[in-house]
Amino acid sequence: MAICGDFGRVFEVGPVFRAENSRTHRHLCEFIGLDVEMEIKEHYVEVMDIVDRLFVTMFDELNEKCKKELEAIGKQYPFQSLKYLRKTLQLTFQEGVQMLKEAGIEIDPLGDLNTEMERKLGQLVLEKYGTEFYILHRYPLAVRPFYTMPCPDDEAYSNSFDVFIRGEEIISGAQRIHIPEFLTTRATACGIDVNTLTQYIDSFQYAAPPHGGFGVGLERVVMLFCALSNIRQTSLFPRDPDRLTP
């Protein structure tokens, strides 16, 4: 709605609450999220370029200005500094699938990557390109939310991306569908009751520019930047399905 109001780029940093029954090393029910939405002038790669500049700058600043803190963490939990490129590597989903196939991994070319596949691809990317931070884009449309814009040249794929650190996903992002009639069509195709989306779809009725964005959980970024084994080590009072207090 802010983009519809002619704000070219908007972001927020704040607490996020998810009633998610995930008992893993990288999920929390409460975390600090960074959410970004922006108008797209020509192509959704503009959103990925923001991710590139934002995170390379963040990593540079952490390494330069937080040396004492990183050294303190390293004494208790030894880790090697994150390897990343000055210009973040961008691979298509098809290129990632091909790398996995060449490594002997069986994978559905129009399916999603599971955790093991993501870790293996991260290892392959590190060996081939020398980076632990990269972007994988043009995901199959079938594995993305209904509001994701299909690729104009191949509707089996979408204008979407995930971002990875050390073989684990930290960001999901995409170009959003901004045409209400198309949103209705996509929701129906995905088996979603359009009546439950009235307010969302109506917000685009008076026109909206092409736009996209992404969301990132900052505790997960800290966990992977410092190569910690569990996201609970990055939160003062971690909240998960089994812990509400203290």
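Throughout these legends, a residue is called buried if its relative accessible area is under 20%, exposed if over 50%, and partly exposed in between, as found with a 1.4 Å probe and protein chains only. Helices (H or I, at least four residues) and strands (E, at least two) are DSSP runs, numbered from the N terminus. The model is predicted: local features need pLDDT of at least 70, side-chain atom pairs count only at pLDDT 80 or more, and totals for chains, interfaces and linings use all residues. Residues are numbered from 1 along each chain as its sequence is written, and side-chain values use heavy atoms, with hydrogens and water left out.

**Figure 1. Overview of the chain, with its seven helices and nine strands.** Along the principal axes, the C-alpha atoms fill a box of roughly 55 × 45 × 35 Å. The radius of gyration, taken over C-alpha atoms, is compared with a globule rule of 2.2 Å times the number of residues to the power 0.38. For 246 residues a compact globule would have a value near 18 Å, and the 19 Å of the chain agrees with this. Of the 246 residues, 44% are buried. Contact means heavy atoms within 4.5 Å. Among contacts in the chain with a separation of 6 or more, 68% are between residues 24 or more positions apart. The accessible surface, from the Shrake-Rupley method with a 1.4 Å probe and with only the protein chains shown counting as cover for residues, comes to about 13300 Å². Carbon and sulfur atoms contribute 54% of that surface.

**Figure 2. Helix α3 (residues 93–102) and its buried residues.** The buried positions are Phe93, Gly96, Val97, Met99 and Leu100. Seen down the axis of α3, these residues fall within an arc of 160°, so they line one face of the helix. The arc is that of the directions from the helix axis to the C-beta atoms. The buried residues of α3 pack against β3 (89–92), α4 (115–129) and β4 (133–137). After the helix comes Gly104, with a positive phi near 85°.

Figure 3. Six of the eight residues of α7 are buried, so the helix is largely enclosed by the rest of the structure. These buried residues are Glu219, Arg220, Val221, Met223, Leu224 and Phe225. Ala227 follows α7 and has a positive phi, near 55°.

**Figure 4. Aromatic rings, of which the structure holds 11 pairs.** Rings of Phe, Tyr and Trp (its six-membered ring) pair if their centres lie within 6.5 Å; planes under 30 degrees apart count as stacked, over 60 as edge-to-face and the rest as tilted. Phe59 and Phe225 are stacked, at 5.5 Å centre to centre and 20° between the planes. This pair links distant parts of the chain, with Phe59 in helix α1 (residues 45–65) and Phe225 in helix α7 (residues 218–225), 166 residues apart. Phe59 is buried at 0% relative accessibility, and Phe225 is buried at 4%. The rings of Phe146 and Tyr200 have centres 6.4 Å apart and planes at 80°, so this pair is edge-to-face. Phe146 lies in the loop between β4 and β5 (150–151) and Tyr200 in helix α6 (residues 198–202), so the pair ties together parts that are 54 residues apart in sequence. Phe146 counts as buried at 9% relative accessibility, whereas Tyr200 is partly exposed at 31%. Phe55, Phe59, Tyr84, Phe133 and Phe225 form one aromatic cluster.

**Figure 5. Arg144 and the ring of Tyr139.** The charged end of Arg144 sits over this ring, 4.5 Å from the centre of the ring of Tyr139. A charge sits over a ring if NZ of Lys or CZ of Arg is within 6 Å of the ring centre and within 35 degrees of the ring normal.

**Figure 6. Ile170 and Gln175 in strand β8.** Ile170 is buried, with a relative accessible area of 4%. Leaving aside neighbours within four places in sequence, Ile170 is in contact with residues including Phe55, Phe133, Val163, Ile165, Arg220, Val221 and Leu224. The C-alpha atoms of Ile170 and Phe133 are 10.0 Å apart, while the two residues are 37 residues apart in sequence. Gln175 lies in the strand spanning residues 168–176 and counts as buried at 9% relative accessibility. With neighbours within four places again left aside, the contacts of Gln175 include Ile40, Tyr44, Tyr147, Asn159, Pro210 and His211.
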